[in-house]
Amino acid sequence: MRTHYCTDLDQNSVGEEVTLAGWVNSYRDHGGVIFIDLRDKSGLIQLVCDPADSTDAHKTASTVRDEFVLIAKGKVRLRKEGLENPRLKTGKIEVVVDSLRVENRSDPLPFTMGDPNVGEDIRLKYRYLDLRREDMFKTFELRSKAAIAARNLLDSLGFLEVETPILTKSTPEGARDYLVPSRVHNGEFYALPQSPQLFKQLLMIGGFDRYFQIAKCFRDEDLRADRQPEFTQIDVEMSFCTQEDVMGVAEDLLKAVFSACGHEIKTPFKRITYRESMEKYGNDRPDLRFSLELSDVIDLFENCESPIFAQIAQYKKLNRIKALKVPGGDTLFSRKTIKELESFVSRFGAKGLAYIQVKEEGLKGPILKFLPEDAVETMKSRLDLQVGDIVFFGAGERKIVWDYMGRLRTEVARRLDLIDDNRFEFVWVIDFPMFELEEGELHLKALHHPFTMPKNIDEDDLEAIDSMAYDVVLNGIELGGGSIRIHKLDIQQKVFKMLGISDEEAEEKFGFLLDALRFGAPPHGGFALGFDRLMMLIDKKESIRDVIAFPKTQSATCLLTRAPGPVEEEQLKELGIRIRKQPKTDASK
């Protein structure tokens, strides 16, 4: 039906007879001669329908409207001097049409194509129209190149692509499972996989040595701009490897993907420990495109005359007093701005935001009257305070202080325009704690997952046990991560006991894995990269919805297909399910 795509043609094509196919992007009637901008996946080209060349083509052209589907035959010629369009790749040529067929008509569009003010709900409801935009095609063209580059790189390193099951067993991996009722086994359920974690470990036990998969995963969790109920990850596992081996493969993979997308990145990436990341940046996904760091000053408040700060300083293990020095900030931040920053951190648990200003005449700030003179002098030296600086302080329970001071760090950088959006800054965060004790919980949880190899499992302080886990972070966003896995049965059983998982529960949920570990499991490890999130960052999109062809909304609904939706009563009967009506709730809560 076509001989060329629109942008296959150029000045070297002049005189050729061509057949083109696509959609009407726009049309113009100039005194009897009709001009049509024809669009296909490659771009635009101008068609000329002149009654002097073909009365039939001109007659058909007079009936077309935006988004009609056309098949056009004609001859390529140069545009007249002065009528070129430098904004188009084909702006120096046009096609004089001698045969035009309307393959399909289009109703009036629900929105104007390319209008930046169209709401996302409308674009998602008519996603097939939204996908016709040139920038949308380029996004998915880029995504395709990235996926091919990932496959080629892993293939060159000896990895085998293996598909793992979609219908599997429900296992606790940190989020709710999507459950699928079984008709054959009435009253029992499959679960959609949150990741291929256990299956890829079984592949290593099976001797496959190096596995990968561009895998669909499912998590029934609250949504954000960088989350979807179904998502894609590049999943990798390898045997007889060290942590450095695995991280090296991940870096090679990212380098290949970025190169395919037109960006060169440097490896190896910087490495910092989890604890260093929390203390310096307030979170385990630091944005290193700017240099603001948190400093620990809790020791300087031990003899503070403020009872609040003094009490916090007594418990250094549980509490933190952090300082954020902003060079030149005193001259850049008005009192109004400081009030706005105080209000900002209050949303994340801060009970206030103390600060000091470095003036020509010395330090100023209400907090100074509580500090001994030697503590103030030590602070000057430790923070290397200069005239014009401002220092913000956060004090309290360590997790809360880390969180709001880390957010303050980013907010300050945003307000001072310190973040270079064209820069890619990678970092590995390593040595994660094996366990964490959530507030209100009576037992430990695995910080990553319970199949991660602990580094010092015999440590008396369980919260001091580190794991052989690692996350790769780009510009303050976690791209993915992984770990060296537990490959010895006794260690896996011990970890389950530490997590409060009984032998019976372990056998019920993970019996197949425990059985496999009895038959010569090799040392192994791997990682997974969030492919949607990766493409969002490469293509500089605001949301992963912009890089997924048919995404869900933040309430986990598909506006296009109206999923989820009700099913026939007969289907429910076959499954042995009866629906109990519940009050509607906000799915985002």
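Predicted model: local features only at pLDDT ≥ 70, side-chain atom pairs only at ≥ 80, totals over all residues.
Residues are numbered from 1 along each chain as its sequence is written. Local features need pLDDT of at least 70 and side-chain atom pairs count only at pLDDT 80 or more, while totals for chains, interfaces and linings use all residues, and side-chain values use heavy atoms, with hydrogens and water left out.

**Helix α15 and Asp-532**

Asp-532 is part of helix α15, residues 531-538. Helices (H or I, at least four residues) and strands (E, at least two) are DSSP runs, numbered from the N terminus. Asp-532 counts as buried because its relative accessibility is 3%; buried means under 20% relative accessible area, exposed over 50%, and partly exposed in between (1.4 Å probe, protein chains only). A polar atom of the Asp-532 side chain lies 2.8 Å from the backbone nitrogen of Thr-232. Apart from neighbours within four places in sequence, Asp-532 is in contact (heavy atoms within 4.5 Å) with Arg-143, Phe-231, Thr-232, Ile-544, Val-547 and Ile-548.

The helix is largely enclosed by the rest of the structure, because 7 of the 8 residues of α15 are buried. The buried residues are Phe-531, Asp-532, Leu-534, Met-535, Met-536, Leu-537 and Ile-538. They pack against several elements, including α4 (134-156), α6 (243-260) and β10 (230-239). Just after α15, Lys-540 has a positive phi of about 55°.

**Strand β10**

One of the elements packed against α15 is β10. In β10, 9 of the 10 residues are buried, and the strand is mostly covered.

**The cavity**

A cavity is a set of points, on a 1 Å grid over the protein atoms alone, where a 1.4 Å probe fits but cannot get out; lining residues have an atom within 4 Å of a point. Grid points are joined across faces, edges and corners, and a volume is the space filled by probe spheres set on the points. The count is 1 cavity of 30 Å³ or more. The largest cavity has a volume of about 30 Å³. Its lining consists of Leu-124, Arg-127, Phe-550, Pro-551, Cys-558, Leu-559 and Leu-560. Of the lining residues, 6 are nonpolar, none polar and 1 charged. Here Ala, Val, Leu, Ile, Met, Phe, Trp, Tyr, Cys and Pro count as nonpolar, Asp, Glu, Lys and Arg as charged, and the others, Gly among them, as polar.

Key
Polar contact = N/O pair within 3.5 Å; in protein donor to acceptor, adjacent residues only side chain to side chain. 1 Å grid on protein atoms, 1.4 Å probe; cavity = no way out; pocket = protein on both sides within 12 Å on 5 of 7 lines; lining within 4 Å.
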